[in-house]
Amino acid sequence: MLALAALVGVCLAQNAWRLPRPVRARFDAQQSHYISGEARLDVNRATAAELAELSGIGDALAQRIVDDREQNGPFACVDALTRVPGVGARTLEAIRDRIGVSGVDAP
């Protein structure tokens with residue numbers, strides 16, 4: 001146990017044990033498609049190019065998400081993305097922590 005604590009201490013001291021950093025918005029506040037105060041991309045406002053940057057989402061799927069949103073209205077929740085052909089449970093779980101929804105009226 002002592003050896004494990006020493007190893008962790010050495011790793012932390014050498015900064016070898018890095019924790020993932022949150023996604024940072026690359027846009028100014030007025031142009032941002034990120035949810036205010038969070039590092040989550042707002043799927044109800046994001047462009048196809050922004051969506052395509054998400055892991056597992058390519059250009060074609062990103063465009064289908066934007067097309068679906070324009071035809072059927074905003075996504076009420078993150079899980080509603082599964083209505084888009086090509087977004088299944090695995091894809092959704094891979095991006096869930098990087099996306100969110102806003103601008104949807106509560107029922």
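Contact here means heavy atoms within 4.5 Å. Helices are DSSP runs of H or I of at least four residues, numbered from the N terminus. The model is predicted: local features need pLDDT of at least 70, side-chain atom pairs count only at pLDDT 80 or more, and totals for chains, interfaces and linings use all residues. Residues are numbered from 1 along each chain as its sequence is written, and side-chain values use heavy atoms, with hydrogens and water left out.

**Helix α3**

Helix α3 covers residues 59-72. Its 14 residues should span 20 Å at 1.5 Å a residue, and the end C-alpha atoms are 20 Å apart, which agrees. The expected span is 1.5 Å times one less than the number of residues. Gly73 follows α3, with a positive phi near 90°.

Buried means under 20% relative accessible area, exposed over 50% (1.4 Å probe, protein chains only).

| Class | Residues of α3 |
|---|---|
| Buried | Leu61, Ala62, Ile65, Val66, Asp68, Arg69 |
| Exposed | Asp59, Ala60, Glu70, Gln71 |

The exposed residues sit on the face turned away from the buried side. The buried residues pack against α2 (48-52) and α4 (89-95).

**Leu51**

Leu51 lies in helix α2. Leu51 is buried, at 1% relative accessible area. Leaving aside neighbours within four places in sequence, its contacts include Ala62, Ile65 and Val66. Leu51 and Val66 are 15 residues apart in sequence, yet 8.8 Å apart in space, C-alpha to C-alpha.

Technical notes
Helices (H or I, at least four residues) and strands (E, at least two) are DSSP runs, numbered from the N terminus.
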